[in-house]
Amino acid sequence: MTTVLVADDDLDIRELVAFKLAQAGYEVRSAPDGAAALDLARAGGVDIVVLDLMMPGLSGLDVCAELRRQEATADLPVIMLTARAQDQDVASGFAAGADDYVVKPFSPRELVSRVQAVLGRTRP
Amino acid sequence: MTFFAVVVLGLVLVSALVLALAVSIAAVRGLRARREAHRRAVAEPLRPLLLEVAVGEGEDAEAAADTLAALDTAAWRTVEPAVLAVLGKVRGDGQRLLVELLAVRGVITRERGRLHARGAVRRAAAAELLGAAAYAPAVPELAALLHDGDPEVRLVAARALGRAGAPGAVGMDAGDGVGQAASALLAALAGQQPAAPPDVVARSLMLLGAPAAGALRAALGAPSALERLTAAEVLGRLGVAAASRDLEEIVLRDPSDVVRARAATALGRIGAPLAVSALRAATSPTGAAAVRRAAVVALGEVGDPVALRCLWSLLDDGDAHVADGAASALLALGAPGVRVLAEVASQEQDGSPGAVARAHEVVACAVLAEVLPPLLVDEVDRVRRAAATRAAVVSVPGAGPATGAELLGVGA
Amino acid sequence: MSWVDVLQLELLGGTVRGTVAVLVQVLALPVLLYVLAINSSYLVLIGLAGVDMVRYLRRERIRGVEDASASPLTQSVSVVMAAYNEEAGIVGSVSAMLALRHPRHEVVVVDDGSTDATFALLREAFDLVEVPRRLPDDLPVRARIRSVHVPRGGRSPLVVVRKDNGGRADATNVGVNAARHDLVCFVDADSVLDPDALLTVSRPFADDPVRVVATAGAVRAVNGSTLVGGRVADVRMPRGWTARFQVVEYLRAFCVGRAGWSRMQSLILISGAFGMYRRDVVVEVGGMDTSCIGEDFELTLRLHRHMRRTHREYRVVFVPEPASWTEVPATRTVLARQRRRWQRGLAETLWRHRGMIGNPRYGRIGLVALPYFVLFELVAPVIELVGVVLAPLAVAFGLVPWQAAAALALLCFGYAAMVTVAALLVEEVSFHRSQRWRDLGRGLVAAVLENFGHRQLTALWRVQGLWSLLRGQRQVWGAMDRQGLAAGGAASAGTDVVVLPETRGALRASRADGTDRADRTDRTDRPLAGAGR
């Protein structure tokens, strides 16, 4: 079963994403902040990460860059969840190593299809 | 001992008051805890239903919405805040279902009524909710609220219009909600005093998106400078390429410096190569400082090498902001711009000292901070080596410093 | 026999007892009335603050913070952080500042000639590289700039400027020069900001772009609370009573000093631990004054002065929530130094701007806020100390029966405690950041207990501060050629003060340095000049 890690400091978003992905047949683990997300990702067993861009403490960009830096998680696909759809933010997300992004307020259906698409692209 | 008695009486009174205050603190806290416990007991079990509605797919979602719609009044009152909290966070079917649920529960009608409430905070809160619900039928009422007497209400109304008037809003199919919202928002900037803060209005116009482009372009000809300025700003942010011509016109001819500067920035964001000549004209030394600065930055953003020579000549401009802007703009132009900078930086004897220092600083900062792609770093190295070679053979006749034409080799 | 005759008779008698008797007779009533007046004024201000906070809370949902966090048009902010020997927490606080919720903010750290590993740690954590960037000279700077550093690859919006030591005010001015955004936010190097703090405190600038020139954020005492991922997760009462007294003191002081005055459009003190300004306005008034101890108070006052003089319509707004959290001194020694310094800074600044006091030209600031500060902040500790000394003497000489003296003292204390409890009620109704019942009990006990000892000590320290100023001034005037030096000394992190042991609480128990640092921190996180009465 494919496991998705969801990190967002907003409880509503976290639960909505988790609920939708669970409905779509994924196993979901969630983290309320960047540090917890990193810990969970390092612990292994995660196939894809959905990261909120703006989290206090360790931002989504930081987490993504950190994941890329470490060998074990370097290839882990990352989808950014961001309220800021300006090109520069999207660009810095991609620069940090994100594979795709979804704009908040988000469409749950779109999120699922992006998860599927990214997984399809990155997996052999 | 009457004095003593008075003092003791005062002491008793004060102690009683301290005690009373302490008890009220405890009471406030206790009540809050109880309310929270109650909310949890009622709302938590219903949470999965709410999530089901919010992700909004298929019959399950419809069924969940029906269950929530059928709750008794007391239970609904406890759940309502949770529903409202989720409201602004999803788009698509989920959002539509949530708004339908609110409509069934009478919340929408209630809030529309409150748009005319006596208390300003109530009116504002109602506007906020209808905005979060992206409830398009409320656009006319929200637009009317832009004339409210209370500045806070006008601000919230302006913000709400950006969501209720947006193309994806619930119930947008009928009528021209977007256009209506756009013209109302722009009109809010028309008067002597803007009805709402310009940045809030601009943000809402951005949320309205491309369908608002017509109204925005029309606003470029408005008599109010603030209206023209905001229209230019938003057109740039939205990247409406069709507006380039109008914006060029503004850059060259608008009576207000601020508006011309903003239009130049907008052209940079749109990135239309055809706009370069207008922007170049705007950098002319006779122009206003604000316009020149904006135009220089915009030239970097448009990214057309045609601008190289113009930017190069501005590196030692009398206005330090313009000169710095020109250096950054050259950097933004990529390989050709970086080549010019590196060349200028290496002309220590012949170039203008200001230009050399500035070019050197920008290139060195970029190289050291490793913000340049490797290709460009190689380019810088190559130019530096070439300059070193030239310096070595400078005694040889004919091997003078690089000419402008050489520098601009790529652009020409 | 009128009291004048008594006065003459007793003075002629010339005994100590006679003198005390005269003093008691002349001063007892004024002191009592003063205590009554000052506490009543606090009560009124707390009432105003309560109204203000309720107003603020009612607007919670319509404030649009979510929207502001997503909008590319939100005004950008440069967070300016002066750091001197901050190796213990600098990396954590810079990361936390970078991760605050805001669409576009940068962090400018000014390393004010630290002698510890502050910079080395920053360089390692953020992969800094030195760049030949020149800083604009919008504000005059005294000390030499050594170098400018940015993260490699432009990974995060961070700038670190290294300079020779020149004091907090000078470092802050350098930070303003390096700041590239329209708004500058001054914070302490060890401040912990709530995640939305930057967005919320910058909001008034956007809502009223023409008039708002500065906003003040709330400052709370963090001692005892737990931090998770760079933010305050669980608010708790600290262990020691010294810190506990300060927790309630800060709550009260913010009610009294900030929300109340803001309601009256007369906010004259923006704490250096969390204040935001329009950069152009800071440049216009000349930045922070490097020759002044209370540079944050001085800047706010100068801002008001400038705006009134140039006849501009302007506003200074207090934002009660979210807050910046700061660690308060956990021992008496450091607290004593802090309070001496605050009082000295307060007096110095008021002296410098004495022309504004009572001056109708400065509107409510000149006619209400400043006279109030002089009457109830500057003079308060002196009068309180008079009462504290006089009462036991009067009892000792049998002038007043001890029961009466005790009852009166208790009445005064009781009234003061009531004021504090009223402030706690405002906090409970509004933001209720502390959750535990036990901590509520501790807070209430602290509100009562602080009247027995802590408050008298505070008054003593503050009088000492005033005294040191008077003495210091005489010295400067005596030797004019030393004035520049003396002024410089005061600014450069208080080199005039002697070594003190490290006293910060559990959070940085491991810190080994701390003399200069603790001293410098003293004057930055003040909730209000004179948190005591």
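1. Let's start inside chain C. Strand S1 (residues 77-83) of chain C runs parallel to S2(C), and seven bridges join the two. One place to look is C:Ala82, whose bridge partner in S2(C) is C:Val110. Do keep in mind as you browse that this is a predicted model.

2. Strand S2 itself, residues 105-112 of chain C, is mostly covered, with eight of its eight residues buried. Both faces of the strand are covered. On one side you will find C:His105, C:Val107, C:Val109 and C:Asp111, and on the other C:Glu106, C:Val108, C:Val110 and C:Asp112, all of them buried. Note that charged side chains, including C:Glu106 and C:Asp112, are in that buried set.

3. Now step back to the sheet around these strands. It is an open sheet of ten strands in chain C, with mixed pairing, and its order is S3-S4-S5-S2-S1-S6-S11-S8-S12-S7. Strands S3 (128-131) and S7 (192-193) of chain C stand at the edges; each has a single partner strand, so one side of each is left without a neighbour in the sheet.

4. For an antiparallel example in chain C, look at strand S8 (residues 212-221) and strand S11 (residues 274-278), which pair over three bridges. Here C:Ala216 has C:Gly275 in S11(C) as its bridge partner.

5. A local one sits in chain A, where the side chains of A:Glu66 and A:Arg69 meet at 3.2 Å, N to O. Both residues belong to helix H3 (residues 60-69) of chain A and are three residues apart, about one turn of the helix. A:Arg69 counts as exposed because its relative accessibility is 51%, and the cut-off for exposed is over 50%.

6. What do the side chains of C:Glu321 and C:Arg433 form? They meet in a salt bridge of 2.8 Å, N to O. This pair links distant parts of the chain, 112 residues apart: C:Glu321 is in strand S12 (residues 315-326) of chain C, while C:Arg433 is in the loop between helix H14 (402-430) and H15 of chain C. C:Glu321 counts as buried, at 14% relative accessibility.

7. A further salt bridge joins the side chains of C:Arg462 and C:Glu377 (3.6 Å, N to O). C:Arg462 lies in helix H16 of chain C and C:Glu377 in helix H12 (residues 363-378) of chain C, so the pair ties together parts that are 85 residues apart in sequence. Are these two residues buried or exposed? Both C:Arg462 and C:Glu377 are buried.

8. A:Asp10, A:Asp12 and A:Glu15 are linked with B:Arg47 and B:Lys89 in a network.

9. Finally, two surface patches are worth a look. The nonpolar one, about 500 Å², is made by C:Trp241, C:Leu410, C:Val445, C:Val448, C:Leu449 and C:Phe452. Helix H15 (residues 437-449) of chain C gives the most to this patch, with three residues. C:Phe452 lies in the loop between H15 and helix H16 (454-478) of chain C, and is partly exposed at a relative accessible area of 49%.

10. The other patch carries negative charge and is on chain B, where B:Glu59, B:Asp60, B:Glu62 and B:Asp66 gather on the surface. B:Glu62 lies in helix H2 (residues 58-69) of chain B and, at 40% relative accessibility, counts as partly exposed.

Terms used:
Residues are numbered from 1 along each chain as its sequence is written. Chains are lettered from A and ligands numbered from 1 in the order in which they are written. This is a predicted model: local features need pLDDT of at least 70, side-chain atom pairs count only at pLDDT 80 or more; totals for chains, interfaces and linings use all residues. Side-chain values use heavy atoms; hydrogens and water are left out. Patches are made of residues with over 30% relative accessible area and no salt bridge: like charges are joined within 9 Å, nonpolar side chains (Val, Leu, Ile, Met, Phe, Trp, Tyr) within 5 Å. Accessible areas come from the Shrake-Rupley method with a 1.4 Å probe; for residues, only the protein chains shown count as cover. A salt bridge is a side-chain nitrogen of Lys or Arg within 4 Å of a carboxyl oxygen of Asp or Glu. The place of a charge is taken as NZ of Lys, CZ of Arg, CG of Asp or CD of Glu. Helices (H or I, at least four residues) and strands (E, at least two) are DSSP runs, numbered from the N terminus. Buried means under 20% relative accessible area, exposed over 50%, partly exposed in between (1.4 Å probe, protein chains only). Two strands pair if DSSP finds at least two bridges between them.
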